[in-house]
Amino acid sequence: MGALTYLLLTKLKNRIKSLLKSPVKLVYAVILLGLIAITIIGGSEAREAGKEPRDIRELIAGAIGLYTMMFALAIKSGFGNGASLFSMPDVNLVFPAPIKPRNVLFFGLFQQMGNSVLLGLFLLFQYTWMHSVYAVSFAGLLMFFLGYAISIFLGQVTAMVIYSITSSSETKNKTVRYVLAGIGIAFLLYLLKYCLEHGFSLPSLVEAANTTVIRLFPVSGWLGSLLAGYFLSSPVHVITGAGLCVILLLIEIGYILFGKLDFYEDVLESTQAAYSAITAAKEGAVREAVPKNVKIGKIGLDRGWGASAFYYKHLVENRRSRVFFIDLATVVFATTCVLFSFFIRKGGIFPVFAFATYMQIFLVALGRINKELIKPYIYLVPEPPMKKLLYSLIEGFPKYIIEAFLVIIPVSFILDLDPLTTVLCILARISFALLFTSGNILTERLWGGSGSKGMAMVFYFALLLLLSIPGIALSLVLLFAFPVSFLSPNNTVFLSLIICNIPVSFLAFFLSRNMLSYAELNNR
Amino acid sequence: MLSIEHVTKKYKKIAANDDLSLNVDGGTISILLGPNGAGKSTLIKCIAGLLRFKGNITICGHDNKSMEAKRLFGYVPEMPALYDLLTVSEHLEFIRRAYRVDDEAYCRSLLERFELADKANRLGKELSKGMLQKLSICCALAHKPKVVIFDEPMVGLDPHAIKELKQLLRELKAEGTAILLSTHMIDSVEDYWDTTYIMTNGKFAATEYNDGRGTQSLEDLFFKITEGGEAV
C-alpha cells in the first residue's frame, strides 16, 4: 500500500473510530442518519396521489442560483489567500516526502471530493418538499446533491488555479477579477433583458434560467444542463453539462501539473491560514474577518466608563474592520427579500414577512460579543454581568433597525402597503431581531461552549421556536377568538408579534444575565 | 490575600484539580510548578473566575467572582488574548476605562518599561508574539491589582523583557502585592520565590518554603518529585 493510500484509509478509519468513541458524536450521527431516513421515507408518502407536480424547471432554476452562489464563494478565496486542498500536516509531512507532486495533487483532490460531498448533506433533508411539490424521486435528489458537491469541488480547484495565476501580480489579479465579473454581469444582463421582454414574474425568471444561454454559464449553468438532461430525459444536455465540467477540471489539473512547476508554494499560504483558523477554533477563538490593510484613523476610545467601555471599544473595532451599520450580507439578504416580494407580490405581505424572518435567523449573529466571550476581559472587568452583556450587545442594534427599514420600505412600495402596516411591519421585524439575539444569548447561557456545535444549533433552533410561540399564539387568538375591529388582520398579527417578542426578548436577556459569572472559558 | 480552599475541578470523571488548598500572602511570590497536564492552568483559570469549580476562592477576603475581588485582581493568561483592531495604547485605555481607573501616567510608564511606547499606535494584529505577551502583562497591571496571577509569563519574551519582568515582580512584592506565578522555566524564578507548589495529577505533590539561605534548588526538587520521588 502506498503512503498516500495508507494515509487516506487510516484517516478515514480513525474518523470512524472517534465517532464510535464519542457518545455525543455518535448520537449526533445516529440522529442525523435517522432524520435523513425519516425525511426520505416520510417524504415518499407526502405526495398526494393524482396531484399534478409543479414545473421541474423551477427547481432547476433554483439549483442554478444555489450552485452559482457556492461556486462564486469558493473561487473568491482564489483572490485572497488562495484555496487549498491540503491540511497543514500534509504540507509538513507529505510535501517534503519523496512522492511525485502529481500523486500528491490527486491525493488532495480526492480529499476535497470527500469534503464537498459532506457539505451537501443538508440537501438530503429537502426531499419531502421536493418530492411533494415537484415529484422528485430519490435518484433525482441525489442528482441535485451531486451538482452541489461538484460546484464546491470545482470552485475549490478553480480558486487554486486563480491563486496560482494571480498571486504574483496585481495586474493579473485585477484582469482575472474583471474577466470573471464581466462574465457574471453579461449573464445578469441577459436575465434582465429576458425579463424586460417577457415580464418580471417568477415564470419568466424560470424560463430565462432554463435557456441555452444560461446553460452555458460556467459551472452552475453546466450543472443546470446536467439536471435538465436528467429530469427531461435529454442525453444531449447530460453529456454537454457533464462534459463541460470534466473539460474544465482537466484543463485546471493540466495547468496545475504542467503550467506551473511548483504548486506547493501556491497552496502554502491558504493551508497555513486554514490551519490557523482550525487551531483557533479548537482553542475557542472566533476568527474575525480583519481587513488586510486596516486604516487606523483616529486613535482612542475617548468615551466609556465601566461596562460602557465595551460599547465604545466595539465602535472603534467596527470602524477599523469597515463594519458600519450595514454589511454586505445584510445588503444581499435585503435584496433577496425585496426580489422575493417582487416575484410573489400577488401573495401579499405574509409570505414575504415569513421568508424575511426565516432569512433573519441566519442574519442575526451576535457580532462582537462572540469575540468577547472567548477573551478573559469581559469576565474579569468588575461590572455587573447584565450591564456588561447589554453594553456588549448594543453595537448590533442600529444594524437591526436600518436593516428593517431597508427590507420593509421597498417591500411596502412593491406591495402597496398602507403606512400603518409598514410601520408595524418594521417594528415586528425589529422585534424578531431582538428575539433572535436573545435566543442566541440564551443558547450561550444554557449550552455554553460545551458539547457538539451541531447539537447546539438544533437546541438554538428549538429555542427560537419556543420564544416565538407567544407572539404567534397571541396573533391566532386575536385573529380567530377576539378579533380587533379597528385593525386589519395583517396589523393584528404584526401588533401581536411586537407586543410579545419584545418582552420575551428582555426576559431572555434577564435570564441570561449571569452568563458572564458562570463561564467555562476552557471549553469554548 | 489569595486564599484557595478545597478547590476541585473535574472534566467529566477526570479531576484536573483535586481538593487543592493554598494561600498567597501580600508581599510574597508563590510559584506553581508541574509537568504538562498537571492542572496548573486549570487552577489559575478557576482563580480568575473563568471556570466553574467546587470549593472556595477568595481574593482579599472577597469571593473571587464578586465585583470587589475583580477590582483587586490581575491576570496574565497563558496565551495573550488581545484585540486585533485596537492599538497598543487603546488596549490600556480600554482597561483603564473598564476598571474605572484615572491614572493614565501609570499606563504610559508600563508601556515604556516594556518598550512598547514607540509601538503605541500599532494594532494588536501587527504585534509579534513577544510584544503581545508584554502588552498582556501591561493590561493585567494597568489597574494596580493587589493580587496578580501570571500563567507562563516568560514565554515569548526576549531576555531584556524577562529581566524587566523579574524586576517588576520584585517591585510588586515590595509594594505588598500577592503574586502567584506558573512557569516551566524554573531557573527564571530561583532567585525571588517565597513558596513553591509542585503539582502532579491535579494535586500538590510538594510545597517548599524559601528559607532565605539560597541553598534550595527548585530544579532538583522538581525532578525529584516528578520523576518518582516522594511527596514532601
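Colleague: Among contacts in chain B between residues at least 6 apart in sequence, what share joins residues at least 24 apart?

Modeller: That share is 69% in chain B. Two residues are in contact here if their C-beta atoms, placed from the backbone, lie within 7 Å. Before we go on, this is a predicted model: local features need pLDDT of at least 70, side-chain atom pairs count only at pLDDT 80 or more, and totals for chains, interfaces and linings use all residues. Residues are numbered from 1 along each chain as its sequence is written, while chains are lettered from A and ligands numbered from 1 in the order in which they are written.

Colleague: Thanks! And what is that figure for chain A?

Modeller: In chain A, 76% of the contacts with a separation of 6 or more are between residues 24 or more positions apart.

Colleague: How many helices and strands does chain B have?

Modeller: Chain B has seven helices and 10 strands. Helices (H or I, at least four residues) and strands (E, at least two) are DSSP runs, numbered from the N terminus. Chain A, by contrast, has 23 helices and zero strands.

Colleague: What radius of gyration does chain B have?

Modeller: Chain B has 17 Å, which agrees with the value near 17 Å for a compact globule of 232 residues. The radius is taken over C-alpha atoms, and the globule rule is 2.2 Å times the number of residues to the power 0.38. Along the principal axes, the C-alpha atoms of chain B fill a box of roughly 50 × 35 × 30 Å.

Colleague: What percentage of chain B counts as buried?

Modeller: 46% of its 232 residues. Buried means 20 or more other C-beta atoms within 10 Å of a residue's own, exposed means 12 or fewer, and partly exposed is in between, with C-beta atoms placed from the backbone. For chain A, buried residues make up 33% of 524.

Colleague: Switching to sheets, in what order do the four strands of the open sheet in chain B come?

Modeller: The order is 2-1-4-5, with antiparallel pairing. Strand 2 (14-24) and strand 5 (62-63) of chain B are the edge strands, each pairing on one side only. Two strands pair if DSSP finds at least two bridges between them. Strand 1 (residues 2-11) and strand 4 (residues 54-59) of chain B are joined by five bridges, and Thr8(B) has Lys54(B) as its bridge partner.

Colleague: In which sense do strand 6 and strand 7 of chain B pair?

Modeller: They pair in the parallel sense, over four bridges; Phe150(B) in strand 7 is the bridge partner of Val76(B). Strand 6 of chain B is covered on both faces, with Phe73(B) and Tyr75(B) buried on one side and Gly74(B) and Val76(B) buried on the other.

Colleague: Now the interface: how many residues of chain B are in contact with chain A?

Modeller: 29 residues of chain B, in contact with 29 of chain A. Helix 3 of chain B gives the largest share of the chain B side, six residues.

Colleague: What do the buried residues of helix 14 of chain A pack against?

Modeller: Helix 17 (368-372) and helix 19 (385-393) of chain A, together with helix 3 of chain B. Those buried residues include Phe310(A), Tyr312(A) and Val316(A).
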